[in-house]
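Take a look at the sequence and the 3D structure below. The report that follows moves from the whole chain to single residues.

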Amino acid sequence: MKIAMIGTGYVGLVSGVCFSDFGHEVVCVDKDPRKIEMLNRGEVPIYEPGLDTVMARNVAAGRLTFTGDLAAAVDGADAVFIAVGTPTRRGDGHADLTYVMAAAEEIGRALTGYAVIVTKSTVPVGTNRQVAAAVRAANPAAEFDVASNPEFLREGAAIDDFMRPDRVVVGIETERAREVMADIYRPLFLREFPVVYTDLESAEMIKYAANAFLATKITFINEMAMLCEKVGADIKAVSKGMGLDGRIGNKFLHAGPGYGGSCFPKDTQALARIGQDFASPCAITETVIAVNDRVKRRMIDKVVDLCGGSVNGKTILVLGVTFKPNTDDMRDAPALTIVPALVGGGARVRVVDPQGRREGEALLPGVTWAEDPYAAAEGADALVILTEWNEFRGLDLGQMAQRMAHARMADLRNVYPPEDVREAGFEAHVAVGRKGFGLEG
């Protein structure tokens, strides 16, 4: 199969690279000439473990190329995937479809024969029909079908998610489109991974409903963590006891500073707006958004309390600022709420993150970046674990405590048992949903 992938952001690049690894001929298209030049040099513009290796292998095999020429990529393609950004529209929470519709029009003008136009971007219900209308308006003679094929990739594990998915969702309207999509995903079908065929609207809803449910799970356990702190329970034990119930499951039951990233914040907002537009409010989703914002702000209070009621003049070491480990993505990361508040409160903030500096330098002004957590701990008044990178899971806590001016820890990912923190020589400790020690009052 010949595939054109429009957009080389996170979803487009991972999908294009993986499709080429299936044996398809893939051309990835992007309007940014600098990005195309970088890709043609073999450089990956995002951090995703293993992506560089798979990309290099398929470029060398001649199955994967990069270009800024959309018309040339679309010419003769069996399928054209739209994988451009759908950011939250400023002011109203809607997904901004500007890039999707522009791509649809350009694809319509470039079509030279039958193709399936596949929306990979996360889009509101009804968007694929709008895409079809835009293509017809641009080229009334075009022969095409549209399909909805939402992605379910976890940043940091995207290659494995694509190659071993829980399911592949395909919304189609014709048998011809189904045959094309079946050929594209045949390697997964042959290995018996589920491929779910639906109508267009159901495929669009599946993506939003799935992400909103996962965001709800995270937010629920964070709310339970708040209650655990009041009643003296331990959220780790509560999560384990809940997660062993097969109807609930243990994933996404880890208390922390709130969800962030490229999907959950914008998708929950978009789903809430869809509900409002259709006079069917998604009250649970709306509450999840509000509670998640409250969780992030509550983390600021934890750090301030740890520092005796004020961070003014204090040196605070923050370990991890990306929204999760194994990614350089800073979009809607809890750090973007917490760190500026500390800086605004007069703190001198040092940051260590294995991949966060590239984006973080522009997003977190006023902080000092460091590479070595032990050196950065020298003279610090507090240590905040904000992202649970593996590099921060095996720290020599005793050495960290010795280097600090005041050995205080805010473990906002519950990485370390409180008793280990105490034994290492820390004088004060707070976590999420667990008893701390050494706090004044």
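Helices (H or I, at least four residues) and strands (E, at least two) are DSSP runs, numbered from the N terminus. Ala-279, for example, lies in the loop between helix H12 (264-277) and helix H13 (283-306). This is a predicted model, in which local features need pLDDT of at least 70 and side-chain atom pairs count only at pLDDT 80 or more, while totals for chains, interfaces and linings use all residues. Residues are numbered from 1 along each chain as its sequence is written, and side-chain values use heavy atoms, with hydrogens and water left out.

**The whole chain**

The chain has 18 helices and 14 strands. Its radius of gyration is 24 Å, close to the 22 Å that the globule rule gives for 441 residues, so the chain is as compact as a globular protein of that length. This radius is taken over C-alpha atoms, and the globule rule is 2.2 Å times the number of residues to the power 0.38. Along the principal axes, the C-alpha atoms fill a box of roughly 75 × 50 × 40 Å.

How much of the chain is buried? Of the 441 residues, 54% count as buried. Buried means under 20% relative accessible area, exposed means over 50%, and partly exposed is in between (1.4 Å probe, protein chains only). The accessible surface of the chain comes to about 18,900 Å². Carbon and sulfur atoms hold 51% of that surface. Accessible areas come from the Shrake-Rupley method with a 1.4 Å probe, and for residues only the protein chains shown count as cover.

Contact means heavy atoms within 4.5 Å. Among contacts between residues at least 6 apart in sequence, 73% join residues at least 24 apart.

**Two domains**

The chain is divided into domain 1 (2-198) and domain 2 (200-440). These bounds come from an automatic or database domain assignment. The C-alpha centres of domain 1 and domain 2 lie 33 Å apart. Their contact takes 36 residues from domain 1 and 30 residues from domain 2.

UniProt, in an unreviewed entry, lists residues 317-418 as "domain: UDP-glucose/GDP-mannose dehydrogenase C-terminal". UniProt positions are given in the numbering used here, feature names are shortened, and annotations may be inferred rather than shown by experiment. The span 317-418 is 28% helix and 19% strand. Its end C-alpha atoms lie 19 Å apart.

**The annotated binding site**

The unreviewed UniProt entry also carries a "binding site" annotation. Why do the annotated residues not all gather at one spot? They span 173 residues in sequence, and the farthest two C-alpha atoms are 23.9 Å apart, so they do not all gather at one spot. From this set, the lining of the largest cavity takes in Lys-207. On a 1 Å grid over the protein atoms alone, a cavity is a set of points where a 1.4 Å probe fits but cannot get out; lining residues have an atom within 4 Å of a point.

Phe-152 sits in the loop between strand E6 (144-148) and helix H7 (158-163). Setting aside residues up to four places away in sequence, Phe-152 touches Asp-161, Arg-167, Val-169, Ile-206, Lys-207 and Ala-210. Leu-153 is also placed in the loop between E6 and H7. Beyond its neighbours within four places, Leu-153 has contacts that include Tyr-10, Val-14 and Phe-162.

| Residue | Relative accessibility | State |
|---|---|---|
| Leu-153 | 13% | buried |
| Thr-387 | 0% | buried |
| Ala-203 | 0% | buried |
| Glu-192 | 71% | exposed |
| Ala-279 | 69% | exposed |

Thr-387 is found in the loop between strand E12 (382-385) and helix H17 (397-403). Leaving out residues up to four places away, Thr-387 touches several residues, including Leu-319, Lys-324 and Arg-413.

Ala-203 belongs to helix H10 (residues 200-231). Which residues does Ala-203 touch, not counting residues up to four places away in sequence? They are Ser-148, Pro-150, Val-169, Val-170, Gly-171 and Thr-198. Ala-203 and Gly-171 are 32 residues apart along the chain, yet their C-alpha atoms are separated by 5.1 Å.

Glu-192 lies in the loop between helix H9 (186-190) and strand E8 (195-198). Its phi is near 65°, a positive value in a residue other than glycine. Ala-279 is not a glycine, but it has a positive phi of about 55°.

Notes: On a 1 Å grid over the protein atoms alone, a cavity is a set of points where a 1.4 Å probe fits but cannot get out, and a pocket is an open set with protein on both sides within 12 Å along at least five of seven lines; lining residues have an atom within 4 Å of a point.
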